[in-house]
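Hi,

Here's the structure I said I'd pass along.

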Amino acid sequence: MNKKVSIKDIAQAVGVSTALVSYVLNNKEKEARVGKEIAQVIRDTAADLGYQPNQLAKSLKTGKSHTFGLIVADISNPFFANLARNVEDEAQKFNYTVLFASADESPKKSQNLINMLTERQVDGFIIAPAENSQNQIEALLKNNIPLVLIDRYFKGLETNYVVTNNYESAYNAVSHLIKVGHKHIGMIAYKTDLVHMLERKRGYIEALKDHKLLKAKTPLIKTVDFDFTQDDVEAAIKALKVQNPKMEAVFFATNTLTLKGLKALNNMNWKVPDDIAIVCFDESEAFDFFYSPLTYIEQPLLEMGRKAVQVLIKNISDKKSAHTQLSIPSKLIVRQSCGFDKAEVR
């Protein structure tokens with residue numbers, strides 16, 4: 001069995017002190033005023049000898065593991081996959097490793113993941129919290145564990161969070177539908193009390209109110225469960241049409257709802273935008289294969305990922321730092337699926 005390479009082995013091979021090797025391998029050569037050339041020689045020698053740092057010993061010595069947990073709803077969802085990549089890239093700049101996990105919108109699974117990652121001694125968490133998981137976040141705060149909520153947060157809970165401005169995004173999207181001439185607009189959303197979905201519904205309703213289009217007491221909103229099926233979305237669209245036969249546009253609250261919605265519209269032989277106009281929250285590469293380019297809300301994924309990591313690193317360095325709560329604007333990408341301004345088409 002080969003002997004594990006130590007810092008002492010590297011020092012002997014290069015002909016320097018173990019302290020000097022330690023400074024370089026811990027990226028502290030500037031503080032120790034180690035020359036660039038000798039620092040590179042030390043790194044090259046460590047690589048040639050197959051040196052592997054003892055992370056457990058390092059974490060026991062420094063009190064930090066230089067890892068943190070990222071818990072999202074579903075890592076297979078393009079939104080969370082892209083967000084995770086941005087988080088990972090930013091974390092790397094701070095020499096941090098990210099451990100990914102999906103809670104599948106389940107508070108039970110979320111708690112199990114938090115327990116597992118805590119046992120692995122992560123330095124903190126970035127979490128897209130599941131519904132009914134507020135007590136889990138409160139427990140982390142009580143134990144003084146650094147964390148940042150991303151994509152959603154809990155109102156009334158004082159913690160760091162980085163989210164899209166969901167209200168403004170939905171308001172602007174529905175206002176655009178109205179601007180191009182649509183007056184009867186439905187919405188398909190999730191059945192949940194999570195704040196991001198409530199804010200999207202509020203943006204939809206306020207846009208209709210401000211344009212004097214909310215005539216019925218009950219707005220044209222249908223909801224489905226997180227584990228919805230194709231039939232559920234199709235039934236929701238049909239129910240909206242029954243509620244208002246004049247419905248001429250639909251606002252889908254997520255990209256996954258949109259994908260099922262487009263399939264449903266095809267099954268129903270409704271053409272976009274001729275029979276029904278579409279705007280959706282968030283994008284998906286699959287939209288590129290749809291015959292009518294979709295108007296969608298582009299979420300600030302790069303900025304969200306970067307800010308979440310920066311806020312977490314700050315919280316890890318100073319656990320008494322003031323909470324950072326960011327609501328970042330999105331951008332509406334206007335394409336064919338909303339139709340054209342009816343006032344301009346004679």
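Below is what turned up, starting with the ground rules.

This is a predicted model, so local features need pLDDT of at least 70 and side-chain atom pairs count only at pLDDT 80 or more, while totals for chains, interfaces and linings use all residues. Residues are numbered from 1 along each chain as its sequence is written, and side-chain values use heavy atoms, with hydrogens and water left out.

First, the strands. E1 (residues 67-72) and E2 (residues 97-102) run parallel and are joined by 6 bridges; DSSP has to find at least two for strands to count as paired. Threonine 67 has threonine 97 in E2 as its bridge partner. Helices here are DSSP runs of H or I with at least four residues, and strands are E runs of at least two, numbered from the N terminus.

Next, alanine 189, which sits in strand E6 (residues 185-190). It counts as buried because its relative accessibility is 0% (buried is under 20%, exposed over 50%, partly exposed in between, with a 1.4 Å probe and protein chains only). Leaving out residues up to four places away in sequence, alanine 189 touches Met197, Lys201, Lys222, Thr223, Val224, Ala253 and Leu257 (heavy atoms within 4.5 Å).

Last one: serine 133, in the loop between strand E3 (125-127) and helix H7 (134-142). Serine 133 is buried too, because its relative accessibility is 1%.

Cheers
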